[in-house]
Amino acid sequence: MNLILIKKKINTYLFNALVISIYAFIWAPIVIIVLSAFDPSPDFTFPPTGLSLKWFFSFFSNEMFMTSFFLVSLPVAIGVALISTPIGVLGAMGLVRYSFKGRNFLETFFVLPMLVPEVLLGVALLLFFIKLNIKLTLFSLIIGHVVITIPYVVRSVSVSLHGVKPMLEEAARMLGATKIQVFFKVILPLIRSGIISGALFSFIISFGDINLALFLTGPDTATIPVHIYSEIQWQGDPTIAAISAIQIIIVGLILGIINKTFKIRMTL
Amino acid sequence: MAKINSQRTLVLPFLLAPCTIVISLLVVAPLIYIGIISFYKFSPTDVWINIFTLENYRRFFFDLFYLKIIWVTVKVGLITTLICVIFGYPLAYFLARSRSKHIELFIFLLISPLMISTVIRIFGWIVLLGKQGVINKFLLLLPMVNEPVGILGTLPAVIIGISSILLPYMVLPLMSAIESIPKSMEEAASNLGANKSQVFIKILLPLSIPGLISGSILVYLISISALIVPALMGLPKVRMLGNQVYDEVLVSFNWPFAGSISIIMIFFTFTILGLYLKWFRKYGSIERL
């Protein structure tokens with residue numbers, strides 16, 4: 001009996017070790033970048049040789065990176081969140097609140113941007129923009145990102161809307177509220193968390209996107225991921241590790257906020 | 001009643017129009033456009049000329065150079081999917097069956113890396129797998145390894161990179177599938193004398209097949225359109241379709257051919273998704289996928 005128990009215990013330990021190593025497989029590359037960013041040595045050695053912020057200073061004193069961070073990546077991501085959120089909220093309201101012919105089709109249609117491989121969407125948009133004489137500016141990148149983020153907004157808002165009982169709406173209507181009042185005073189506050197997480201997801205996706213950005217950015221509008229991409233090819237120093245670490249921290253903070261207001265599992 | 005209906009006919013288009021217009025204009029129209037130019041003749045001076053041709057499609061399927069790229073792409077996709085199944089199953093089982101208080105944290109740790117830029121995660125793998133990287137430091141401790149192993153630029157490097165990024169897409173549907181299998185079934189089987197591997201083969205595996213299929217389709221379809229990972233970890237030796245499309249568009253400006261490769265890949269993707277939806281609708285919707 002005792003032997004069986006010991007065997008069982010060993011099995012549990014082995015299984016837990018396996019789970020931990022699978023997590024390591026996902027997280028090791030992320031952790032190593034953050035460690036390299038804080039390591040004074042320029043050649044990405046492990047274990048770290050010390051603690052230093054010099055790569056962060058090097059990032060903040062590099063005009064090209066600063067322009068790309070504050071004048072391209074950030075404004076684009078904010079613009080994307082501001083545009084795709086209202087569009088997605090309206091779409092989700094239509095899909096969840098009404099039943100109509102062709103609803104199933106539209107439901108699939110609204111996730112279409114997720115089903116087309118991003119690289120190919122990037123190619124198609126680039127050639128399409130060239131055809132229409134649309135120059136590659138921040139604007140062209142923003143519309144590219146709006147397309148891929150709309151499905152996320154629709155989804156997270158839909159999840160929230162499913163939780164709103166139609167009864168509440170009817171009650172407000174009976175008490176004399178107009179449709180618009182019902183929307184702003186009843187529905188909107190109830191689906192606030194879904195809207196916020198949709199907006200934050202849009203921000204993060206735009207902020208980290210490379211597949212579309214690679215095609216839709218010109219030389220003056222390269223986003224941070226595009227810079228990291230070309231620096232890796234030129235064997236850059238850990239300054240790009242510092243930028244990456246900053247991105248990881250920003251994304252981590254935002255995901256922390258989303259997770260607090262909204263179960264992250266429901267949106268993905 | 002009539003009043004509500006007339007309001008509805010006004011409100012509904014207002015709600016649905018923005019999404020529909022944006023997606024039609026920025027997904028459907030561009031795809032149709034590259035579909036059209038994929039039938040034009042390539043010209044080195046004018047990019048394309050208005051002559052209808054099937055040459056761009058013929059070239060894709062009959063030129064040995066492209067057949068090799070297709071083969072590499074298919075191979076990377078299949079091996080990546082297999083690795084994600086092997087690594088994903090234990091993790092999905094753990095997440096589905098764990099009674100830990102920290103289960104939300106574990107799910108967060110699984111999903112949040114999806115939101116970190118692919119470039120950064122691949123940058124991490126380049127640091128780890130480089131000649132002076134951590135992995136090589138460990139390998140050098142082994143008696144049979146005498147000098148650093150050049151992992152970067154090989155097929156295994158590309159597969160490691162893609163599978164570590166796509167693993168969550170395998171785990172999530174698998175986890176839902178395992179969650180829906182009553183724990184009592186496993187217990188009943190082992191009470192009746194089945195050992196662990198018998199429980200796995202006879203109970204868990206067959207009942208979690210819907211999750212396995214969703215996860216595999218998702219991982220396979222995303223991995224065959226990879227561009228960044230092979231570009232940073234595989235080139236020049238490991239060249240996938242994504243790299244070829246990129247080069248045709250931005251290096252050799254052969255847009256008709258880039259168009260035909262894209263159309264073939266999109267057609268393939270949608271065919272698989274369509275079949276999946278037709279056969280497995282009862283197990284889950286496109287949302288789940």
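## Basis and conventions

Helices (H or I, at least four residues) and strands (E, at least two) are DSSP runs, numbered from the N terminus. By this assignment, the secondary structure of chain A comes to twelve helices and zero strands.

The model is predicted: local features need pLDDT of at least 70 and side-chain atom pairs count only at pLDDT 80 or more, whereas totals for chains, interfaces and linings use all residues. Residues are numbered from 1 along each chain as its sequence is written, and chains are lettered from A and ligands numbered from 1 in the order in which they are written.

## Chain A

Read along the sequence, chain A follows the pattern α-α-α-α-α-α-α-α-α-α-α-α. The radius of gyration of chain A, taken over C-alpha atoms, is 23 Å. This is well over the 18 Å that the globule rule (2.2 Å times the number of residues to the power 0.38) gives for 268 residues, so chain A is more spread out than a compact globule. Its C-alpha atoms fill a box of roughly 75 × 70 × 30 Å along the principal axes.

Of the 268 residues of chain A, 44% count as buried; a residue is buried if 20 or more other C-beta atoms lie within 10 Å of its own, exposed if 12 or fewer, and partly exposed in between, with C-beta atoms placed from the backbone. Two residues are in contact if their C-beta atoms, placed from the backbone, lie within 7 Å. Among contacts in chain A with a separation of 6 or more, 77% are between residues 24 or more positions apart.

## Chain B

Chain B has 13 helices and two strands. Its radius of gyration is 24 Å, well over the 19 Å given by the globule rule for 289 residues, so chain B is more spread out than a compact globule. The C-alpha atoms of chain B fill a box of roughly 80 × 70 × 30 Å, taken along the principal axes. Of the 289 residues, 43% count as buried, and 70% of the contacts between residues at least 6 apart in sequence join residues at least 24 apart.

Helix 12 of chain B is largely enclosed by the rest of the structure, because eight of its ten residues are buried. Among the buried residues of this helix are B:Leu241, B:Val245, B:Tyr246 and B:Val249, together with B:Asn243, B:Gln244 and B:Glu248.

## The interface between the chains

The contact takes 58 residues from chain B and 69 residues from chain A. Several helices of chain B each supply at least two residues of the side that touches chain A, including helix 1 (2–37), helix 3 (64–97), helix 7 (155–179) and helix 13 (255–280). The largest share of that side, 15 residues, comes from helix 1 of chain B. By class, the side of chain B that touches chain A has 46 nonpolar, ten polar and two charged residues; Ala, Val, Leu, Ile, Met, Phe, Trp, Tyr, Cys and Pro count as nonpolar, Asp, Glu, Lys and Arg as charged, and the others, Gly among them, as polar.

One helix pair spans the two chains. The axes of helix 11 (residues 224–233) of chain A and helix 5 of chain B come within 10 Å and cross at roughly 25°; axes are lines fitted to C-alpha atoms, for helices over the stretch in contact, and angles run from 0 to 180 degrees between N-to-C directions. Helix 11 of chain A is therefore roughly parallel to helix 5 of chain B, since angles under 35 degrees count as roughly parallel, over 145 as roughly antiparallel, 65 to 115 as roughly perpendicular and the rest as oblique. This contact is made by A:Pro225, A:Ile228, A:Tyr229 and A:Ile232 of helix 11 of chain A and B:Val119, B:Ile120, B:Phe123 and B:Ile126 of helix 5 of chain B. These residues divide into eight nonpolar, no polar and no charged.

## A helix pair within chain B

Helix 8 (residues 183–191) and helix 9 (residues 196–207) of chain B pack at an angle of about 140°, with their axes 10 Å apart, and are therefore oblique to each other. The contact involves B:Met185, B:Glu186, B:Ala189 and B:Ser190 of helix 8 and B:Val199, B:Lys202 and B:Ile203 of helix 9 of chain B. By class, the residues are four nonpolar, one polar and two charged.

## Backbone features in loops

Most residues other than glycine have a negative phi, and most peptide bonds are trans. The peptide bond from B:Leu235 to B:Pro236 is cis, with omega near 0°, and B:Pro236 lies in the loop between helix 11 and helix 12 of chain B.

Phi of A:Asn133 is near 60°. A:Asn133 is found in the loop between helix 5 (118–131) and helix 6 (138–162) of chain A, and counts as exposed, with 6 C-beta neighbours inside 10 Å. Phi of B:Phe253 is near 55°. B:Phe253 lies in the loop between helix 12 and helix 13 of chain B and is partly exposed, with 15 other C-beta atoms within 10 Å.
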